[in-house]
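Let's learn to read this structure together, one feature at a time. Ask whatever comes to mind.

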Amino acid sequence: MTARPLLNDPATLGLSRTVVPTRVGDVAVVAGRRTGGVATILLHGAAGSWTTWTPLLAASDLDDVIAPDLPGWGESGGHEGVRSVEDLSDAVVEVAAALGHDRWHLVGHSLGGFVALDIAARYAQQTLGVTLVSPTGASVVDAIRRPIRGGLVVPGFAGMLLAMRALARFGTGGLRIIRLLDRCGWMPALTAPLFAGPAHPSVVAAFAGEVRPAAFARAAQLASRYDTQAWTGIRCTVRAVGGARDVFADDTDAAAFGALIADFGSVRLPGAGHFAHVEQPRTVLAAMAEVRMPAATAAA
């Protein structure tokens, strides 16, 4: 399968960049052509930014796209003001409102999937559907709360969290260590478990540039405190897509999601790892269309 690059210039995709003030700080956001329709909100994972969605955006013709850098990531500030997953969710909703949208479909990867489900639960009337891409699930949350037991189930995540927590203790020195590893050419090997095949150099470079140990450790802490019972309030269709070689997921995750979310379905993709939207963007677009069709049918 051809490795797909990440793009850094939103203009090459017909998108524009803006900054929206929110309660937790300024949020940098990339947005598409506005038609006044339902927004498609793309929420990236930890150690990422809006650019992780560029292979999917390049393969699509979506209007009314909103792709923020979540507070504390990418070009957004606000890390210090985030005290809960709900703070992240509220900031996303503030961004959508500032851009003129009061209804949306949510697409969330990893941590972004966690945030998407909280928005769907707390803003049920505005959320028309959710597509999850390798979402943070029960196995990862358990690994955060109980590192030894959980680490046996998802050792890839447990190992990364341990490394991020250790690097976070060095403050800005942790970032310098990551940059050194990148300069020494070690990042392709270190990130290889996240993908089913060789990643494009731009993907590896983005990971090296975006990973922030303190923010990663903080995001894990917020997830560990979150009460997933809130997801029983979700009323829309939720579909999950994950790679069969996702080292941050376990086979029991789908059942845990299904026990909380009334209309939940999932599929595991051969030939993909933790970044299915990068490795198989058209497959993820198809999953997004499945979620969008019920709303479109109802409006017809």
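Q: Is helix H4 enclosed or open, and why?

A: Helices here are DSSP runs (H or I, at least four residues) and strands are E runs of at least two, numbered from the N terminus. A residue is buried under 20% relative accessible area, exposed over 50% and partly exposed in between (1.4 Å probe, protein chains only). Six of the eight residues of H4 are buried, so this helix is largely enclosed by the rest of the structure.

Q: Before we go on, what kind of model is this?

A: The model is predicted: local features need pLDDT of at least 70 and side-chain atom pairs count only at pLDDT 80 or more, while totals for chains, interfaces and linings use all residues. Residues are numbered from 1 along each chain as its sequence is written, and side-chain values use heavy atoms, with hydrogens and water left out.

Q: Which residues of H4 are buried, and what covers them?

A: The buried residues are Ser 139, Val 140, Val 141, Asp 142, Ala 143 and Ile 144. Their cover, judged by contact (heavy atoms within 4.5 Å), includes H3, helix H5 (147–153), H6, H10 and helix H11 (253–260).

Q: What is found in the loop between strand E6 and helix H4?

A: Ser 134 lies in that loop, between E6 (127–133) and H4 (138–145). Its phi is near 45 degrees, a positive value in a residue other than glycine. At 3% relative accessibility, Ser 134 counts as buried. Ala 47 also has a positive phi, near 60 degrees. Ala 47 sits in the loop between strand E3 (39–43) and helix H1 (54–58), and is buried with a relative accessible area of 7%.

Q: How do I read a pocket, and how much space lies in the largest pocket?

A: Rolling a probe the size of a water molecule over the atoms shows where empty space is left. On a 1 Å grid over the protein atoms alone, a pocket is an open set of points where a 1.4 Å probe fits, with protein on both sides within 12 Å along at least five of seven lines; lining residues have an atom within 4 Å of a point. Points are joined across faces, edges and corners, and the volume is the space filled by probe spheres set on them. Here the largest pocket holds about 360 Å³. Of its 17 lining residues, the closest to the centre are Met 160, Ala 163, Met 164, Leu 190 and Phe 207.

Q: Which helices supply the lining of the largest pocket, and what classes of residue does it have?

A: Helix H6 (155–168), helix H7 (172–183) and helix H8 (187–191) each supply at least two residues, and the largest share, five residues, comes from H6. For classes, Ala, Val, Leu, Ile, Met, Phe, Trp, Tyr, Cys and Pro count as nonpolar, Asp, Glu, Lys and Arg as charged, and the others, Gly among them, as polar. The lining has 15 nonpolar, two polar and no charged residues.

Q: How many aromatic pairs are there?

A: Rings of Phe, Tyr and Trp (its six-membered ring) pair if their centres lie within 6.5 Å; planes under 30 degrees apart are stacked, over 60 edge-to-face and the rest tilted. By this rule there are eight aromatic pairs. One of them joins Phe 114 and Trp 231 edge-to-face, at 5.2 Å centre to centre and 80 degrees between the planes. Phe 114 is in helix H3 (residues 111–122) and Trp 231 in the loop between helix H10 (213–225) and strand E7 (237–243), so the pair ties together parts 117 residues apart in sequence. Both residues are buried.

Q: How do I read a salt bridge, and how many does the structure hold?

A: Side chains of opposite charge can pair when their charged atoms come close. The rule asks for a side-chain nitrogen of Lys or Arg within 4 Å of a carboxyl oxygen of Asp or Glu. The structure holds twelve salt bridges. Among them, Asp 87 and Arg 23 meet at 3.2 Å, N to O. Asp 87 lies in helix H2 and Arg 23 in the loop between E1 and strand E2 (25–31), so the pair ties together parts 64 residues apart in sequence. Asp 87 is buried, with a relative accessible area of 10%, whereas Arg 23 is exposed at 53%. Arg 23, Asp 87, Asp 90, Asp 118 and Arg 122 are linked in a network of salt bridges.
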